Amino acid sequence: RPGWKVSVFAPRAGNPVLIECVGQSSDPLWEADAPGAGNLALSLLQRNERMRLDNLQIRLQELKASPPPDLGEAMALPVGPPEAPSGYFIVYSPPDQPFSKEEDRFLSLLEQLVTPRLTTLGLVQELAEANERLEVKVMDRTADLRLALTQLTEINQLKRAFLNNVSHEMKTPLTNIRSYADLLRRYPQQREKNLDEYLGIIHGETVHLETMVNDLLSYTKVK
């Protein structure tokens, strides 16, 4: 509207910060020096609700604020979620021109139109951030699974090599036991001559085989 001056604020670290002024070089309530009253614009905006200050010059004169602004009224409009607004407007009317009912309805409608859109944008931003965090977690999890798969493959290769080696080692004493048992069975005429020697070999290979079986069982229990 003609004659209106507008200040735009954005939340930073939990507090509104002035980011833009329209029709004025700075925000009068932000710059006003009122002893003991603190930052007047900040006090107004931190309420997180629609606020209207009439007779602005008189109020600031009572607070002994300087410099006194050449303004009529101030309307504070938080936009966005009520518990955490996405932004704030302070609209100033010209001197001796308070906000009319039509202007008040216009500002109320503006707040009602902007707030749900900013809320939606905030939800979209939160969803995008959640998706990014999820993607990072998926990538981390995928890397962990790939590492686990690599380690599992290496373990399986070691197991396969171990079993092949054990199989080969176990065949040797079995082959010797079978060979000497066959000699004793096939050549009975030499049995008396070679019996002790062959039985000794068979016994030794049996002990060797028993040792390997016990080692294999112990390895299986550990795994």
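View 1. Glu132 sits in helix α4, which covers residues 101-186. This is a predicted model, and here Glu132 comes out as exposed, with 51% relative accessibility. That value just clears the cut-off, since exposed means over 50%. Glu132 also belongs to a negative surface patch, together with Glu126, Glu129 and Glu135.

**View 2. Strand β5 and the strands it pairs with.** Strand β5 takes in residues 87-92, and five of its six residues are buried, so the rest of the structure largely encloses it. Which strands pair with β5? One is β1 (residues 5-12), which runs antiparallel to β5 over five bridges. Another is β4 (residues 74-79), also antiparallel, this time over six bridges.

View 3. Tyr92 is part of strand β5. Is Tyr92 buried or exposed? With a relative accessible area of 0%, Tyr92 is buried.

**View 4. Arg50 meets Asp104.** The model has four salt bridges by the rule used here. One of them joins Arg50 to Asp104, with 3.1 Å between the closest N and O atoms. The pair links distant parts of the chain, 54 residues apart: Arg50 is in the loop between α2 (40-45) and β3 (51-53), while Asp104 is in helix α4. Arg50 itself is partly exposed, at a relative accessible area of 29%.

**View 5. Arg52 meets Glu73.** Here the closest N and O atoms of the salt bridge between Arg52 and Glu73 are 2.9 Å apart. Arg52 lies in strand β3 and Glu73 in the loop between α3 (56-62) and β4, so this contact ties together parts 21 residues apart in sequence. How covered are the two partners? Arg52 is partly exposed, with a relative accessible area of 36%, whereas Glu73 is buried, at 7% relative accessibility.

View 6. Arg185 and Asp182 form a salt bridge through their side chains, at 3.6 Å from N to O. Both residues belong to helix α4 and sit three residues apart, about one turn of the helix. Arg185 counts as exposed, at 55% relative accessibility. Elsewhere, salt bridges with shared partners join Arg50, Arg52, Glu73 and Asp104 into one network.

**View 7. Two loop residues with positive phi.** Which residues other than glycine have a positive phi? Asn48 is one of them, with phi near 55°. Asn48 lies in the loop between α2 and β3, and its 27% relative accessibility makes it partly exposed. Asp96 is another, with a phi of about 60°. Asp96 is in the loop between β5 and α4 and, at 76% relative accessibility, counts as exposed.

Conventions:
Residues are numbered from 1 along each chain as its sequence is written. This is a predicted model: local features need pLDDT of at least 70, side-chain atom pairs count only at pLDDT 80 or more; totals for chains, interfaces and linings use all residues. Side-chain values use heavy atoms; hydrogens and water are left out. Patches are made of residues with over 30% relative accessible area and no salt bridge: like charges are joined within 9 Å, nonpolar side chains (Val, Leu, Ile, Met, Phe, Trp, Tyr) within 5 Å. Accessible areas come from the Shrake-Rupley method with a 1.4 Å probe; for residues, only the protein chains shown count as cover. Lys and Arg count as positive and Asp and Glu as negative; His and the chain ends are not counted. The place of a charge is taken as NZ of Lys, CZ of Arg, CG of Asp or CD of Glu. Helices (H or I, at least four residues) and strands (E, at least two) are DSSP runs, numbered from the N terminus. Buried means under 20% relative accessible area, exposed over 50%, partly exposed in between (1.4 Å probe, protein chains only). Two strands pair if DSSP finds at least two bridges between them.
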